[in-house]
Amino acid sequence: MLKLKPQVKILERGGKVGADNQGNIIWAKDELQAMLLREIAENPKSIQEMYAVLHTVRETESMLILADFILTFEQCIDN
C-alpha cells in the first residue's frame, strides 16, 4: 500500500500540487503526479489501484508514470 507518511502534508499553491515533508517541499511534475498524490492523500492505495487511477493512458505508460511518481515522492510515502 502506498500512503503518505504521517508528517507529510499536501500543498496546493498557484495551481501546483506538492507534498511538504517537514519543510522539504516536492512539487508534482505534472497533472498525473498531482492526481496520484491527491489519491494517496485521501486513502492508502495498492499499486494495482494506482494503475486503475491512470486508466487514461496505456499500461506501459502507466508503469513508467507510477515508477516516476514513486521515485519523485519516495521520501514522502510509505509502502
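Two strands pair if DSSP finds at least two bridges between them. Strands (E, at least two residues) and helices (H or I, at least four) are DSSP runs, numbered from the N terminus.

This is a predicted model, in which local features need pLDDT of at least 70, side-chain atom pairs count only at pLDDT 80 or more, and totals for chains, interfaces and linings use all residues. Residues are numbered from 1 along each chain as its sequence is written, and side-chain values use heavy atoms, with hydrogens and water left out.

**Exercise 1. The sheet**

Task: Find the residue in β4 that stands opposite A19. Then work out the strand order of the open sheet.

Solution: 
- Step 1. Start with strand β3, residues 16–21. It is joined to β4 by 4 bridges, and the two run antiparallel.
- Step 2. Look across from A19: the residue opposite is I26 in β4.
- Step 3. Extend to the sheet. Its 3 strands follow the order β2-β3-β4, with antiparallel pairing.
- Step 4. Pick out the edges. β2 and β4 each pair on one side only.

**Exercise 2. The salt bridges**

Task: How many salt bridges does the structure hold? Locate the partners and sort residues by exposure (buried is under 20% relative accessible area, exposed over 50%, partly exposed in between; 1.4 Å probe, protein chains only).

Solution: 
- Step 1. Apply the rule: a side-chain nitrogen of Lys or Arg lies within 4 Å of a carboxyl oxygen of Asp or Glu. The structure holds 3 such bridges.
- Step 2. Take R38 and E12, at 3.3 Å from N to O. R38 lies in helix α1 (residues 31–42) and E12 in strand β2 (residues 8–13), so the pair ties together parts 26 residues apart in sequence. R38 is partly exposed at 29%. E12 is exposed at 52%.
- Step 3. Take K29 and D68, at 3.0 Å from N to O. K29 sits in the loop between β4 (24–27) and α1, while D68 is in helix α3 (residues 59–72), 39 residues apart. K29 is exposed at 53%. D68 is partly exposed at 32%.
- Step 4. Take E39 and K45, with the closest N and O atoms 3.5 Å apart. K45 has 11% relative accessibility, so K45 counts as buried.
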